[in-house]
Amino acid sequence: MQTIIQVLALELGCAEKYVENVVNLLDEGNTIPFIARYRKEAHGAMDDTALRTLETRLQYLRNLEARREEVKNLID
């Protein structure tokens, strides 16, 4: 099974290292405008739209994974 980073990289057509960098920056509390403007070396050539899509999909996939774990624990 693919990791969330791998799924996002595939969906966005970006390198995994850039996706991982952006995820780390988001987890640290940085905003999309800040990342887009001041952390270009961390995300390569992603624009604001791609960064927002990544943020939205990241939240969705994390919630989905958490729900899978909840259901799995109920079954066990």
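In this predicted model, V19, V22, V23, L26 and D27 of helix 2 meet L51, L54, E55, L58 and R62 of helix 5, where contact means heavy atoms within 4.5 Å. By class, this contact of helix 2 with helix 5 has seven nonpolar, no polar and three charged residues, with Ala, Val, Leu, Ile, Met, Phe, Trp, Tyr, Cys and Pro counted as nonpolar, Asp, Glu, Lys and Arg as charged, and the others, Gly among them, as polar. Residues are numbered from 1 along each chain as its sequence is written, and side-chain values use heavy atoms, with hydrogens and water left out. Because the model is predicted, local features need pLDDT of at least 70 and side-chain atom pairs count only at pLDDT 80 or more, whereas totals for chains, interfaces and linings use all residues.

**Helix 2 and helix 5**
- Helix 2 packs against helix 5 (residues 48-75) at an angle of about 75°, with the axes 11 Å apart; axes are lines fitted to C-alpha atoms, for helices over the stretch in contact, and angles run from 0 to 180 degrees between N-to-C directions.
- Helix 2 and helix 5 are therefore roughly perpendicular to each other, a term that covers angles of 65 to 115 degrees.

**Helix 5**
- Helix 5 has 28 residues and reaches 41 Å from its first C-alpha to its last, close to the 40 Å expected at 1.5 Å a residue, the expected span being 1.5 Å times one less than the number of residues.
- A50, L51, L54, L58 and L61 of helix 5 are buried, that is, under 20% relative accessible area with a 1.4 Å probe and protein chains only.
- The cover over the buried residues of helix 5 includes helix 1, helix 2, helix 3 (32-38) and helix 4 (40-43); helices are DSSP runs (H or I, at least four residues), numbered from the N terminus.

**Helix 1**
- The axes of helix 1 (residues 4-12) and helix 2 (residues 16-27) come within 9 Å and cross at roughly 115°.
- I5, Q6, L8 and A9 in helix 1 meet E16, V19, E20 and V23 in helix 2, and the residues of this contact divide into five nonpolar, one polar and two charged.
- The axes of helix 1 and helix 5 come within 10 Å and cross at roughly 145°, the contact being made by I4, V7, L8, E11 and L12 of helix 1 and A50, T53, L54, R57, L58, L61 and R62 of helix 5.

**R37**
- R37 has its place in helix 3 and counts as exposed at 54% relative accessibility, exposed meaning over 50%.

Technical notes:
Helix = DSSP H or I, 4+ residues; strand = E, 2+ residues; numbered from the N terminus. Parallel < 35°, antiparallel > 145°, perpendicular 65-115°, else oblique.
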